[in-house]
Amino acid sequence: MNTTFLPTLAPVDVQQAAQLIQQAYSPQAHVSADAQRTLQQDLFDIQKRPEAWGLVVPFLEDPDPNVQFFGAHTAQVKIARDWDSFPKDNALDLKDLLVELTGGSMVLGRNKVILRKLSVAVTSLALKLVPAEQSEWSDWIVSCCTSFSSRGASAEQILDFLSIVAEEVDRADLLGFHRSRMRQSLMDAIPLVMQAISSSVGNAATQRMQRTTTTSSLNESHAALKCFQAWLPTLPANDITPLIPVLISLLTPVTTPGQQGIEFDESIFVPASDALQEIMSNSSMADGAGVKTLTEPLLQWVASWGGTIIQETLNSGIVDDVSHSFCKLLVALGDHSIQYLANNLASNAHMEPSLQSQPVVSATKGQLVQTFLRSLLSYTSLPGYYGVDEEDSESTLGFWYLFQETLWSVEYDFDAEQEEQVNRSKSGSTTDKQEQDQWQVAKAVYVELVTVLRRKIVWPPTKVLSSWTKDLQDKFQVYRRDVGDTLINAYYILRDDMLGLYLADLEERLARNQNGQEWEEIEATLHSIMSIQEAVPVEPNAHLERLFGPDILGRLPTSSHDRVRRTTLGLIGEYATWFMTQSTLPPTSTQQTSLLMNAVSYVVAALSEPGLCLHAANALRELCDANRAALAPHISAFAQLNAGLSSVPDTEKSKVLQSIASVIQALPPEQEIEPIDGMVGPVVAKLWQALQLPAQAVEDAQAMAIVQLQTLSGVAKGLTRMTDSLLSSDEEAEIQAETRQLEAARQNPRMVKLRESILGAVQETVKRWSSDAAISDALSDLFKSITALYADMTIISLPPGALLELVCFAAQQQLTAVWLSLASMLMIQLNPPPLLSTFKPAPNPEAQAIVGSLLPVLLQTSLNFLGQAGAMEANPDIVQAFFDCMEKIAIHFIASFYRLPPGHLDSLMRCAIQALSLQERYALVSASTFLASLVNRTSSSDEVTEMKDTLALTYGYAILRAILSGFAGLAPRSCTPNLIELLSTLLSRWPEQCRTWIPQILFAEDFPQSKAGPEAKEKLVKALAGSRSLKKTRDAAHHFMLVARGLEGTTFGYATVTM
């Protein structure tokens, strides 16, 4: 063993290092966590030294396994991290030494953890040497295995090494030529690998048949199957195919004379099943390949033995490892062969038995497919509750989704046998007949599916449920949602038949529910119907008319039985838009009103119950929002509801009032005045009452104020048009008429007084409590709800200018992202798009005056805060919101920046340029977007055209330097696209200046240090100077960024470039 090229360490130094390892990792060493961290850092520091190469051999020769492991680990780490400093003339010597050490460790029987570290080290070295153009180790895999075998390594150890090789090469960060060289080295080793795998697996199959299996041969077969899985992405199909019959034979039980029953060998069944699953999901035979060699043989095996496994599972009530693995195999086969299964669902073509050593199954393709589906359905419908009694049913749900989609894409072709049968019968269209047969079977399958899924989502009795932990209940709840997604796909197969099935189930259970024992079953059916709402067309439907009529909704409980009622409320809310379809009924029909009002009545009855009020309020909101016009004639009933809200908790009252407001919105504006005044007036009065409570009761006062603010928000949302804004009309005269009506209603003295009262109460709330987080959130929601662009104005909408003044005041008290975001929104509303024109005029003088007076306040407050040491880094949300606000001002009120008091714009620009080096992505992006908007608007706006050159000369160089420094590594790599956008803006707006500045910046002495040398910088200068498009600018900047960060030529570098 030649070690002369490695550093030589004194024995005492080696011993001291070994003692550190023993102190850190020996089970007998009881050290504190701090001491452990210190020891680990000391070992890490030792590994970083060049002399650490000299520790590998003595450590591996140490009798302590912990020291041996650290020796192997040191070899791996030094190759991976410090290869550039290793003398390249000694690379082959290191290769020979490492192979010798690995083979020797195998023969000495070192534990698998150490052997794995050494195998990884060998592979890491190969990744350095093999891709070289003149590599002397291109046959590294074969030569290593030959060396190990000659030393006496076992087949199991060599197979483990080959597994690690495939895994490490697959995850290696290589590109282009280097990657192709490594891949070629794997391809060259395939004959050796397949010979080793086939020999071990074949011997295992033979020994099973002869009942001579030993522990060592079993371990070897496990290693072979694991190796096979690791190499599958590399193996061509013709190398995989010969092993498939062997793998399937390993699944088949071997009976012993005199043995009672059939027993599957778990120790070989599971790894063989895992290998077959990997073939179907991660090899050249994935995605439906290998019909004759893989799909059909497995279908025959399932028909032969699957029923036995399933029956044993049902008899024992336990999904053991064999059954669990079989379930996974079924799912993998379903995903792999989904198109075959759909194509042959009702096929009469005969399939000849293709496997030996199993019962002969003589069946058509359709019969085998249907047997497979029954097997999978058996796991979908496993007895018991998911998450408590079984864990496998959920894994099958995804198949039913894919199968439904595939059934819709089936093309009905015939093979020769089918065509001959049809010709002899001389009857009908072949395609029509096959399609009818297929859909008949498909519907039968999905009827069974939706039936068992309904059963699977039934909640257990209260006594059983009380024994479940919260985690188990949450897990079951998630499972119910997943089942709901599967039911949606089932609906696309069954359509109205599915609703009919569930309606029949409801009627039957309601009829026999005298003792109330069926409510959990009924709830499961209601949940199933609710889950498919998004797939059900919004059109008249007889089944839904029965559902919401007296025969079903009228018989559901209105007291107690909270779970059933909660689901019913959710069901009504989900189907709220369906009630709109009843408007197509004749004017004389009362069905529309009765169904809708029945639903409303059911919901209203639950509002006063604490456990249901949230769900009832949500359902009422959905009903009223979707059926405003239909409910408007019943406004008097809603007025009574408003008067009786004393029993509704304050937390849900806002949703109820939002529901009532949405109905009021359907009235003509002049008819909205009285109900809105009657509804909002008491809320504002309560808000004033909260503001007048004594200082000692501030917590109660704030809680009361929050409820009233939330209620005002709900009313404002309800009054807002959802889909029918003024702009939705194509008739200009109609728009003008509606606008006049709305404006007249707004000018009504009662409404003017009401708005003044709202604004006064809000002003007082802001002045007192704007620094409170809960109050500020409630105010934020109110501001968003009660202000609007002119097209969505309501009779209580408040002017944005007055609210912007309040926002600036609140920001002065405590700057938060909430206030800055509101300022952004209000800036847009101060310069709204015109109602009847596509041409957007300049902001009106009043709006400009408001912004002109408030912008200095907002700037001074924000910049004082962000100018503190570390403030920008510690508050990225405020930075993002601040620059978003500045961008909106640049877009809508660009002249305001150039009318600022002296020093304000300069402070803003310095802050923005500094933000271009922040490490938080969203903060940097917002600053970059603001600067781009500022440059673009300054260059294109007639108001400030004369400031274009001034802006460039004053700040252009600094902005450009920040961009290029970001490319060199100061900015996060994820922000590169945004910096490129900003760079492109500068190049297009200030081309001459940029061509002068770019080389000055790149070659300046104070430019950030990176791995980009003069050649890379010169290349960037030339590329940007000649760039005439964003694509060329982007490509040049990306390349420079990769070079500067040392990522050129790596998959990581290119894969993480965001184009």
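This is a predicted model: local features need pLDDT of at least 70, side-chain atom pairs count only at pLDDT 80 or more; totals for chains, interfaces and linings use all residues.

Reader: How are two packed helices described?

Author: Two packed helices are described by the angle between their axes and the distance between the axes. Take helix 7, residues 140-151, and helix 8, residues 155-170. They pack at an angle of about 160°. Their axes are 10 Å apart.

Reader: Is helix 7 roughly parallel or roughly antiparallel to helix 8?

Author: Roughly antiparallel, because angles over 145 degrees count as such, and helix 7 meets that rule against helix 8. The crossing of the two is right-handed.

Reader: Which residues make the contact of helix 7 with helix 8?

Author: Helix 7 brings Trp-140, Ile-141, Cys-144, Cys-145, Phe-148 and Ser-149. Helix 8 answers with Ile-158, Phe-161, Leu-162, Val-165 and Val-169. By class, that contact has 10 nonpolar residues, 1 polar and no charged.

Reader: Now a second pair. At what angle do helix 37 and helix 38 cross?

Author: At roughly 160°. Helix 37 spans residues 800-813, and helix 38 spans residues 817-830. Their axes come within 9 Å. The angle makes helix 37 roughly antiparallel to helix 38.

Reader: What is the handedness of the crossing of helix 37 and helix 38?

Author: Left-handed. The crossing of helix 7 and helix 8, recall, is right-handed.

Reader: Which residues of helix 37 and helix 38 meet?

Author: From helix 37 come Pro-800, Gly-801, Leu-803, Leu-804, Val-807, Ala-810 and Ala-811. They meet Trp-819, Leu-822, Ala-823, Leu-826, Met-827, Gln-829 and Leu-830 of helix 38. The tally is 12 nonpolar, 2 polar and no charged residues.

Reader: Let us turn to cavities. How many cavities of 30 Å³ or more are there?

Author: Begin with the count, then ask about volume and lining. The count here comes to 4 cavities of 30 Å³ or more.

Reader: Which residues line the largest cavity?

Author: Leu-6, Trp-53, Val-56, Ala-75, Ile-79, Leu-94, Leu-97, Leu-98 and Leu-101. By class, the lining has 9 nonpolar residues, no polar and no charged.

Reader: Which helix supplies the largest share of that lining?

Author: Helix 5, with 4 residues. Helix 4 (65-81) and helix 5 (91-107) each supply at least two lining residues.

Technical notes:
Residues are numbered from 1 along each chain as its sequence is written. Side-chain values use heavy atoms; hydrogens and water are left out. On a 1 Å grid over the protein atoms alone, a cavity is a set of points where a 1.4 Å probe fits but cannot get out, and a pocket is an open set with protein on both sides within 12 Å along at least five of seven lines; lining residues have an atom within 4 Å of a point. Grid points are joined across faces, edges and corners, and a volume is the space filled by probe spheres set on the points. Ala, Val, Leu, Ile, Met, Phe, Trp, Tyr, Cys and Pro count as nonpolar, Asp, Glu, Lys and Arg as charged, and the others, Gly among them, as polar. Axes are lines fitted to C-alpha atoms, for helices over the stretch in contact, and angles run from 0 to 180 degrees between N-to-C directions. Angles under 35 degrees count as roughly parallel, over 145 as roughly antiparallel, 65 to 115 as roughly perpendicular and the rest as oblique. A crossing is left-handed if the near helix is turned anticlockwise from the far one by less than a right angle, and right-handed if clockwise. Contact means heavy atoms within 4.5 Å.
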